[in-house]
Amino acid sequence: MSSEPDSTGPARNDPTVTILMAVYNGGAHLAEQLDSLAAQTHGNWRLVASDDGSADNSRSVLDAFAADHDVETVDGPRAGASENFMSLLRRVGAASDGDPGWLAFADQDDIWLEDKLARSVTALAGIDPDTPALFCSRSWIADADAKPLRPSPPRPRPLGFRNALVQNVVAGNTIVVTPAAARLLCAAAAEAGPVVIHDWWVYQVMSGAGAVLIHDDTPTLHYRQHGANEIGANDSARERARRIGMILNGRYRAWNETNIAALRRSSARLLPENRERLERFAEMRRAALPLRLWKLGRLHLYRQSTMSTVALWVAALLHRL
């Protein structure tokens, strides 16, 4: 299909992007994030913000911004950030009969670089419109005042389902998806049940379904680090050690149980080879040694660094996978 714009309607490179933002007591930094949305060079966007019962001035900040911008503020489910994002997917899917158009995720306390949306849409614009596609990128790790300190870690290995099963490397605050991907995600969100982290679930569903996955090595936002971060950066030696500790203490095993259950509810949306890979992963986790290690080797799963891949094998050895 030609990528030339239709002269009777909006150009393909200037689509309306619906930005989904989960909000909870974010008033301290929310106005700066909203200002960065207003400054986007790709100006064709709308914001749907889900306020999860904030006790601060978040709602009034959103209302003030809505006076001059296309903003819809709704009440969240009050069940944490991931469920708030999942509820947004279900909401926009239902409101649009499952066809919400382009979607982006936004955190309440970042600062987007002015070309974030434009860069994302440009990267995705040439892909066949019937093929689900996702854009994500690195970010600038920033201090509490949003001063950039360093770029987030690179992704040296390819994005794909064999990585997504055991690691999340798609930063939710950088995600933009095409209409075909948005349709997939909204439909899957309606059946997913509990998820560990919404962006990890997005990565697993999209890669499992065979979507095009684009990771841009150029940062597109300032990822503010402060005491109230829901997740936080994962780029320091201390933080990486903490994450690996989660693999070894059993928490990672519980996460995998949740992920497998959510993916099984959407198994019909996965490529046949990835449905089989999911079931082989679930079977491997239940197997006794040494069969468990042999099955893990046959799956060819991987994480992005040598250290975390070694931790994956140790977790399997200790039955913590």
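Because the model is predicted, local features need pLDDT of at least 70 and side-chain atom pairs count only at pLDDT 80 or more, while totals for chains, interfaces and linings use all residues. Residues are numbered from 1 along each chain as its sequence is written, and side-chain values use heavy atoms, with hydrogens and water left out.

Helices (H or I, at least four residues) and strands (E, at least two) are DSSP runs, numbered from the N terminus. A residue is called buried under 20% relative accessible area, exposed over 50%, and partly exposed in between, with a 1.4 Å probe and protein chains only. In helix H4, which spans residues 116-124, the buried residues are Lys116, Leu117, Ser120, Val121 and Leu124. These residues lie on the same side of H4, because they cover an arc of only 120 degrees around the axis, the arc being that of the directions from the helix axis to the C-beta atoms. An α-helix has 3.6 residues a turn, so residues three or four places apart point the same way. Lysine 116 also has its charged end over the ring of tryptophan 112, 4.3 Å from the ring centre; the criterion is that NZ of Lys or CZ of Arg is within 6 Å of the ring centre and within 35 degrees of the ring normal.

In H7, 11 of the 11 residues are buried, so this helix is largely enclosed by the rest of the structure. Among them are His198, Asp199, Trp200 and Trp201. Just after H7, glycine 210 takes a positive phi of about 80 degrees.

**Aromatic pairs**

The structure holds 3 aromatic pairs. Rings of Phe, Tyr and Trp (its six-membered ring) pair if their centres lie within 6.5 Å, and planes under 30 degrees apart count as stacked, over 60 as edge-to-face and the rest as tilted. One of the pairs, tryptophan 45 with phenylalanine 65, is stacked, at 6.2 Å centre to centre with 10 degrees between the planes. Tryptophan 45 lies in strand S2 (residues 45-51) and phenylalanine 65 in helix H2 (residues 58-66), so this pair ties together parts that are 20 residues apart in sequence. Tryptophan 45 is buried, at a relative accessible area of 10%, and phenylalanine 65 is buried at 8%.

The rings of tryptophan 200 and tryptophan 255 form an edge-to-face pair, because their planes stand at 85 degrees, with the centres 6.2 Å apart. This pair links distant parts of the chain, with tryptophan 200 in helix H7 (residues 198-208) and tryptophan 255 in helix H9 (residues 251-265), 55 residues apart. Tryptophan 200 is buried, with 3% relative accessibility.

**Salt bridges**

A salt bridge is counted where a side-chain nitrogen of Lys or Arg is within 4 Å of a carboxyl oxygen of Asp or Glu, and by this rule the count comes to 12. The table includes three of them.

| Arginine 59 | Aspartate 51 | 3.4 Å |

Arginine 59 is partly exposed at 30% relative accessibility, whereas aspartate 51 is buried at 6%. Asp51, Arg59 and Asp75 are linked in a network of salt bridges.

Arginine 183 is partly exposed at 32%, and aspartate 99 is partly exposed at 42%.

Arginine 119 is partly exposed, at 31%, and aspartate 216 is buried, at 14%.

An open sheet of 4 strands runs in the order S5-S11-S7-S8 with mixed pairing, where two strands pair if DSSP finds at least two bridges between them. Its edge strands, S5 (111-112) and S8 (148-151), each pair on one side only. Strand S7 (residues 140-142) pairs with S8 in the antiparallel sense over 3 bridges, and alanine 142 stands opposite proline 148 in S8.

Serine 152 is found in the loop between S8 and helix H5 (161-164) and is buried, at 9% relative accessible area. Leaving aside residues up to four places away in sequence, serine 152 touches Arg138, Ser139 and Ile141, contact meaning heavy atoms within 4.5 Å.
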